Structure formats: structure tokens, C-alpha cells
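Let's take a friendly walk through a protein model, one stop at a time. Have the picture open while you read.

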Amino acid sequence: MVKIFINNKEYEVPENITVLEAAQKIGLQIPTLCHHPELEPIGACRVCVVEIEGARTLQPACTTKVYDGMKIKTNSDRVVNSIKFNLSLIMANHPNDCMYCEADQRCELKKLVHIYDVRPLFPPTDLSDVFDDSSPSIQRDLSRCIKCQRCVRVCSEIQGMNIYSMIERGYKTIPQTAFDVPVYETDCISCGQCANLCPVGAIYETPDWKKVLRLIERKDKILIAQTAPAVRVAIGEEFGMEPGSISTGKMVAAVKRLGFDYVFDTNFAADLTIMEEGTELIHRLKEGGPFPMFTSCCPGWINLLEKQYPEFINNVSSAKSPQQMMSSVIKTYFAKKIGVDPEDIVVVSIMPCTAKKDEITRPQQKIKLEDGREIKATDYVITTREFAKLIKFKEINFMGLPDEEYDNPLGTSTGAGAIFGVTGGVMEAALRTAYEILTEEKLPKLEFTAVRGLEGIREAEIDIKGKKFKVAIAHGTASVKRLLDDMKDGRRYYDFVEIMACLGGCIGGGGQPKSLDPEILQKRANAIYTIDERSTLRRSHENPDVQKLYAEFLEKPYSHIAHKLLHTYYTDRTKNKDKAMSS
Ligand code: SF4
Ligand code: SF4
Ligand code: SF4
Ligand code: FES
């Protein structure tokens with residue numbers, strides 16, 4: 001510990017932390033823009049400057065380490081004037097079009113401009129004219145870019161994708177793709193992490209909420225929503241609830257108030273995924289491979305597979321993601337049950353994920369009906385953030401809503417389905433079912449704690465009937481790539497591997513509420529495990545409505561009809577990339 005003085009008061013803080021971290025520990029909020037708790041600090045925006053006794057110039061709190069006896073001022077006139085000056089410089093290179101901006105109330109620049117009562121001191125400069133709507137997942141309007149480099153850093157440090165780098169100089173600097181190609185023509189995996197970390201509205205999810213709003217207002221179709229496991233532990237943050245709050249009941253009530261006819265639970269489809277993927281795993285064990293087998297529920301991972309690791313295509317489970325399984329079942333089984341034409345149904349997915357917007361545009365995700373028509377399974381995907389926007393737009397008082405229940409028959413789920421939302425969850429859910437089916441015995445303990453946690457790569461050895469089963473889990477694409485490179489070069493070997501593109505899995509998805517809380521992933525993960533613990537059913541194969549779906553419609557896991565509706569295939573897209581770059 002070291003002794004420091006902040007604004008003339010003495011504190012003891014751990015050594016080796018930054019002034020910013022020390023200030024946060026004692027409850028002070030130093031303003032920041034380029035800083036993000038998940039990223040290496042770079043000291044670019046100089047909005048966090050503080051006065052340090054003995055230093056000639058003001059120092060950025062985010063990059064300056066504390067030392068014993070350090071005397072810091074965070075609120076002197078010199079500091080405040082400098083913060084205002086720096087914010088004013090940023091404003092001069094920003095359109096200040098807050099009324100129409102996608103960042104909405106989440107804009108970190110707007111908040112600081114209000115707090116520090118900043119007025120423009122400089123004439124506006126030329127703004128970038130880069131507008132990129134090539135991707136179904138994210139859009140880029142670089143006229144709003146404040147050059148904080150968070151998008152560049154998250155895409156390289158956490159995702160290992162290096163899609164952007166800063167180009168040009170001075171006020172013209174922007175984060176751009178190689179050769180200025182539209183982002184969708186790069187190796188971008190559509191994870192949306194750049195949109196999640198952008199402090200302003202320069203990168204944002206493709207705004208599908210407006211299309212959904214029109215649908216709700218037109219009301220000429222049967223509207224069905226499904227909500228993913230990770231949305232219920234994060235949506236509350238958009239309405240001021242503590243991170244990690246579970247708001248399943250309010251969330252369902254909000255969807256109903258928006259005007260949807262039915263609300264189904266993607267957790268049901270997560271249970272269904274386990275039945276299909278688990279059966280595939282057992283099938284591969286009996287057939288002798290191919291191993292390793294990889295999970296397939298993350299479309300960000302599927303993009304990475306097809307764009308950079310096509311050698312693993314045959315190793316990835318053919319099971320569709322829970323989102324796509326749910327929509328396929330809605331437009332076949334459920335449509336028949338309620339006696340309507342599938343084309344009179346519109347399915348909207350509420351997801352933590354921007355890659356899911358991309359997934360629904362894949363041609364092989366269409367479903368073929370008995371009469372030969374090919375239709376989209378999911379019609380629209382909106383993120384957790386877009387869902388919150390819709391709720392606010394329709395003047396629904398989220399906090400005042402009662403708890404309501406999902407509709408049946410696709411609303412029942414188990415704890416195993418719930419944990420799909422967190423890294424390690426798909427693996428744990430699959431192991432619960434595979435173990436009991438293979439051994440024909442009840443698991444002595446349901447929690448596979450060895451596969452839990454937030455370390456980028458985790459591995460475990462599971463004993464199933466005397467056979468040692470080597471498993472691995474990776475999340476955050478930089479860690480995923482490290483694992484895959486090691487596997488490719490024979491440095492690591494596993495039987496079963498779970499991959500999630502985002503840090504923490506879907507709880508940290510690119511469409512989740514933006515947060516500067518360094519504990520955010522842990523809090524959301526805890527909430528997910530609480531849902532599992534509180535569930536009366538905790539194994540996917542115990543879900544009575546999944547059992548009924550097989551009995552009434554799908555026959556059995558991995559049947560011909562299950563294959564037709566619930567499985568997919570992957571293609572090598574490295575060639576397409578080469579074509580795009582040379583055109
Ligand atoms: S969506 Fe993901 S991969 Fe694509 S540019 Fe953004 S952070 Fe990088
Ligand atoms: S696009 Fe957003 S995250 Fe990227 S540098 Fe600009 S303001 Fe920062
Ligand atoms: S980890 Fe989840 S949120 Fe992130 S890309 Fe994959 S499915 Fe989407
Ligand atoms: S937040 Fe410290 S320099 Fe930007």
C-alpha cells in the first residue's frame with residue numbers, strides 16, 4: 001500500500017495502480033473518454049487530467065501510476081479549465097447532432113459536456129464523410145468519431161481481429177479498415193464489440209428497432225418475440241437497476257406491452273440445442289469422430305471459422321444456434337398448432353448480440369416448408385439496447401411493470417438452458433445431459449465448476465464412465481484464436497471445445513448495455529448462475545415441453561426432420577475474401 005493525498009485528504013491505496021483507479025476506489029469520478037476498464041490505457045483524449053505536485057504539466061490520470069507521498073488535485077481551477085478546453089476541442093470536430101444520434105442517452109461526450117457546462121470555443125472543422133452501412137450488424141458514421149481508439153483497441157486487444165487502424169493526421173484522424181473497404185468485406189466477425197465500446201454514436205448496431213416499431217404499429221401479422229438468456233440479466237441496467245439484477249418477469253411484460261402476440265424463451269431452444277448437439281456428440285463418440293467437436297451456437301465464432309479457420313469446419317457441430325432453432329420451430333410446429341400460415345408470422349429476436357443480425361441473412365439458415373416454400377426463420381434481430389429504446393419510445397414504465405410469464409409451449413426452460421448466456425455454460429449444459437445419457441446414471445453433482453470462470457482459456461478433464469474426456473472453453477476472440485492456433489499446430493488437443501466470440505460469452509455481447517463497471521461481467525455471470533440454481537429443472541433433457549416437441553413433431557433428437565429444421569452447414573469464406581480484396 002502507498003500513502004497519497006487527493007484534494008488535500010490522505011488515503012492508503014494499493015501500489016501500482018493508476019491515479020484514476022485510486023480516485024475510483026475512494027469514490028471520486030474523474031471524467032474519462034478514451035479510457036475503458038477492459039483496455040490498455042493510451043492517454044489520448046486528455047479529459048482525465050489531474051494536477052500532480054512537482055509535475056510541470058497536467059497528467060492524464062488513466063496512465064499515471066500512484067507513488068508514495070503523491071499529492072494530486074482533481075478539482076483545481078487549472079484542472080477544470082483544462083478539461084473544459086479539451087472537451088471544447090473535441091466538440092469542434094463533432095457534428096453535435098445529439099437529437100438524431102444513435103448513442104442516445106448513452107453518449108459519454110454529451111454527459112461530460114453537460115456536467116462541465118462546455119460551450120464551443122472553436123469553429124467547427126471538416127468532419128469525416130465515411131458512412132458505412134455494409135454490415136447487417138454494425139454501422140459506422142465517422143463524422144461523429146472523437147478519435148478515442150477504443151474500437152481499434154477492443155478489436156485488436158480483446159478480439160484479436162485488427163480490423164481497424166487509425167489513419168490520417170490531426171483532426172482528420174479516423175479508425176479505418178485496410179484499403180478503406182466496407183467493414184463487411186473484411187474479416188470482421190460482426191461481434192459488435194467496437195459498437196459496444198464506442199463512447200459516442202460513431203459505431204452502433206444496425207438500427208432494426210425502427211423496422212420493428214413499424215411492424216408493431218402496422219399490426220398486420222402475428223408478432224412473436226423470443227428473448228435470449230443474457231438479456232434478462234442486463235436489460236435492467238438500461239433503466240437504472242443495479243448490474244446483475246434479474247428482470248425476467250418485467251422483460252416479458254415489456255414485450256407484451258409493446259404489442260407482441262406471443263413471447264417465447266430462447267432458453268427453451270437452448271435446451272433443444274443441447275438435445276441435438278449432445279446427441280451429435282454421443283453419435284461422434286460412437287462413430288469415432290471427427291474430434292475435437294466444437295460448439296456452434298455463437299455466430300461470431302462461425303464467422304471466424306469460415307473466414308479464418310476453415311480447416312475446422314467439419315469439427316463444428318451442425319446444430320443451429322438456439323435463436324435459429326426457436327424460429328424454425330415457431331414457423332413449423334407452432335404455426336401448425338395455432339393453424340396459421342408461417343408467412344403470416346413475424347419472429348423478432350431480442351438478443352445481446354449483433355452477430356445474430358448477420359446470422360439471419362445466411363442463405364443456409366432459411367427453412368424449407370412442406371409445400372416447398374423457403375422462408376426466413378428469424379425476421380428481425382434487435383439488441384438489448386434497441387429493446388430498451390423501443391420500451392422508452394412506447395412510453396412503457398419498465399420499473400413499474402409486474403412480473404409476467406412466458407407463453408406456452410415454447411416458454412418452458414431449465415437451468416441448463418439459462419447458463420448458455422455465460423462462457424462455459426454451453427459446455428456445462430452439454431456435459432449434464434451427455435453424462436447422464438452415456439452413463440444412464442444421475443450426476444452426483446450438477447455443477448461442473450471446473451468449466452466456470454472468466455479466464456480467457458480454460459480446460460478440464462471430465463471422467464465419463466472411466467473415459468477421460470478433455471474439454472476446453474475459450475471466450476474473447478483473441479483468446480479463441482490463441483487456442484485455435486495451438487490446436488492447429490498440435491500443441492493442444494481436446495475432445496470437446498466451447499467457443500464464444502465475446503468476452504464473458506453473451507453476457508458481454510456487443511448489443512448489451514454499455515458499461516464502464518470493471519465488475520460488470522462477473523455481476524451478470526452471477527445472476528445467470530442464480531437463475532440456474534433457482535430452477536426446479538436443471539438438465540435440458542428434463543424439459544417437459546422439449547420432450548413433447550419431440551413426441552409430437554420432431555420424433556427424436558437427430559431424426560430426419562430434426563436434421564432438416566435444426567441443423568445447418570458452413571462454407572469456406574476465405575476465398576470470397578480474396579475475391580473482395582482484388583476487385
Ligand atoms: S464487429 Fe467485432 S470484429 Fe468487426 S470490427 Fe467491430 S470489434 Fe472488430
Ligand atoms: S469510432 Fe468510436 S470508438 Fe472508434 S475512435 Fe471513433 S469515437 Fe472512438
Ligand atoms: S458470444 Fe454471444 S453475443 Fe457474442 S457473438 Fe457470440 S452469440 Fe453473439
Ligand atoms: S481518459 Fe485518460 S486520456 Fe483519455
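## Around ligand 3

Which residues are around ligand 3? They are Cys298, Pro299, Gly300, Cys353, Ala355, Lys356, Met500, Ala501, Cys502, Gly505, Cys506 and Gly509. To be counted as near, a residue needs a heavy atom within 4 Å of the molecule. Helix H9 (299–308) and helix H11 (355–359) are the elements that give two or more residues to this shell. Helices (H or I, at least four residues) and strands (E, at least two) are DSSP runs, numbered from the N terminus.

Sorted by class, the shell around ligand 3 has eight nonpolar, three polar and one charged residues. Here Ala, Val, Leu, Ile, Met, Phe, Trp, Tyr, Cys and Pro count as nonpolar, Asp, Glu, Lys and Arg as charged, and the others, Gly among them, as polar.

## How to read the model

This is a predicted model, where local features need pLDDT of at least 70 and side-chain atom pairs count only at pLDDT 80 or more, while totals for chains, interfaces and linings use all residues. Residues are numbered from 1 along each chain as its sequence is written, chains are lettered from A and ligands numbered from 1 in the order in which they are written, and side-chain values use heavy atoms, with hydrogens and water left out.

Ligand 1 has Ile138, Cys155, Met161, Ile163, Tyr164, Cys188, Ile189, Ser190, Cys191, Gly192 and Cys194 around it. That shell holds nine nonpolar, two polar and no charged residues. One of its members, cysteine 191, has a relative accessible area of 12%, so it is buried (under 20%; exposed is over 50% and partly exposed lies in between, with a 1.4 Å probe and protein chains only).

Ligand 2 has 13 residues around it, and Cys145, Cys148, Gln149, Cys151 and Cys198 come nearest. By class, this shell has 10 nonpolar, one polar and two charged residues.

## Cysteines without disulfides

How many disulfides are there? A disulfide is a pair of cysteine sulfur atoms within 2.5 Å, and the count comes to zero. Take cysteine 98: the nearest cysteine sulfur belongs to cysteine 107 and is 6.2 Å away. Cysteine 98 is partly exposed, at 36% relative accessible area.

## Salt bridges

Side chains of opposite charge can pair when their charged atoms come close. The structure has 47 salt bridges, each one a side-chain nitrogen of Lys or Arg within 4 Å of a carboxyl oxygen of Asp or Glu. Lysine 211 and aspartate 208 form one of them, at 3.1 Å from N to O. Is each partner buried or exposed, or something in between? Lysine 211 is partly exposed at 36%, whereas aspartate 208 is buried at 9%.

Arginine 452 and glutamate 428 meet at 2.8 Å. Arginine 452 sits in the loop between helix H14 (425–439) and strand E18 (457–464), glutamate 428 in helix H14, and the two are 24 residues apart. Another bridge, at 3.3 Å, pairs glutamate 542 with lysine 442. Glutamate 542 is in the loop between helix H16 (520–534) and helix H17 (544–554), and lysine 442 is in the loop between H14 and E18, so this pair ties together parts 100 residues apart in sequence. Lysine 442 is exposed, at 56%.
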